[in-house]
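Hi everyone, thanks for coming. Could you bring the model up on the screen before I start?

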Amino acid sequence: MWNLTFITEEDFTNHVKSTIEKYGEKLESFDLRRFNKNIIDPIKLIFDKTVYQSSWEEIVSNEIFRQRDKSNNNDIGYFHQRIFQYIENCHVPPNGEESGWDVIYENTNGIEIPDAGSVHTVYVEMKNKHNTMNSASAGKTFIKMQNQLLNDDDCACFLVEAIAQRSQNIKWETTVDKKKVGHKLIRRVSLDQFYALVTGQEDAFYQMCMVLPSVIEKAVKDFEGTIVPNDTVIDELRERAVQRDIDSEDMAIAMAAYMLGFGSYRGFNQ
């Protein structure tokens, strides 16, 4: 039984599938060549394995996960942004269009802004996490919002953060040209409060989170195993280790790992 009233089960499922597909090449299997594409740090691998008392399988698996995870934040940003195309009164402009806003929310009945009255449009800049902007980026974003207010006196601008420090809808204050600036219609808003605003349901974000795990699981099954990678890195390292005349299997695999980064270094190149 589908309990979300602000998005249909079909739309939500399709959006989850689209997000999974955005993972793209990161779901491709890792062989040793791909694993070492940017040259791993063998010293770090050995420190991590020993200090964390892990097996070679665990350390290699963790490194593969780290490499895949480096660009996954963009895919989750896609999920957070594009879901609003299915929610009433929200519009997600194509990339780079309509001044580059991530989401535009319009309501003919008015949108109440705390301590600032009512407007009919909210322009949104969305960030995955509260600490992803440096001071220069924050200043540039604030100026963009100021310019929008100058061009439209019936709007507000939101910096919406998926992972905020707390649930909030507050006046955003930042620094521009070494001066502290703020405006009551330029807001810093956590994702849960933005969901509440556009859906009219206080716990809308919570409701979405509660159905998300099962929908992802079903979506992955619908791909019929085509997205499950078959990583061969540890098997290839073991094959190289066997070729070395070293009694200790652990040291043999360590030598195979050393050769990935230090194969041309003096001593190793013998």
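Predicted model: local features only at pLDDT ≥ 70, side-chain atom pairs only at ≥ 80, totals over all residues.

Residues are numbered from 1 along each chain as its sequence is written, and side-chain values use heavy atoms, with hydrogens and water left out.

Okay, cores. A nonpolar core here is a set of buried Ala, Val, Leu, Ile, Met, Phe, Trp, Tyr and Cys residues joined through side-chain atoms within 4.5 Å. Buried means under 20% relative accessible area, with a 1.4 Å probe and protein chains only. The largest nonpolar core has 53 residues, and the ones touching the most other members are Phe12, Phe84, Ile113, Val122, Phe158 and Phe194. Strand S4, residues 155-163, gives the most to this core, with seven residues. Strands are DSSP runs of E, at least two residues, and helices are runs of H or I, at least four, numbered from the N terminus.

What does Phe84 touch, beyond its neighbours within four places in sequence? Its contacts (heavy atoms within 4.5 Å) are Cys90, Val92, Val103, Met126, Leu191, Phe194, Tyr195 and Val198. There's also a second, separate core of 23 residues, including Ile40 and Val233.

Next, Thr121, which sits in strand S3, residues 117-129. Buried or exposed? Thr121 is buried, because its relative accessible area is 9%. Skipping residues up to four places away in sequence, Thr121 touches Ile104, Tyr105, Glu106, Ile111, Asp154, Cys155 and Ala156.

Now the helices. Two packed helices are described by the angle between their axes and the distance between the axes. Axes are lines fitted to C-alpha atoms over the stretch in contact, and angles run from 0 to 180 degrees between N-to-C directions.

H3 (residues 42-51) and H4 (residues 56-69) pack at about 125°, axes 10 Å apart. So H3 is oblique to H4; the scheme is under 35 degrees roughly parallel, over 145 roughly antiparallel, 65 to 115 roughly perpendicular, and the rest oblique. On the H3 side we have Leu45, Ile46, Asp48 and Lys49, meeting Trp56, Ile59 and Glu63 in H4.

Last pair: H7 (residues 191-199) and H8 (residues 204-222) have axes that come within 7 Å and cross at roughly 110°. They are therefore roughly perpendicular. Leu191, Asp192, Tyr195 and Thr199 of H7 make the contact with Ala204, Phe205 and Met208 of H8.

Conventions
Buried < 20%, exposed > 50% of the residue type's maximum accessible area, 1.4 Å probe, protein only.
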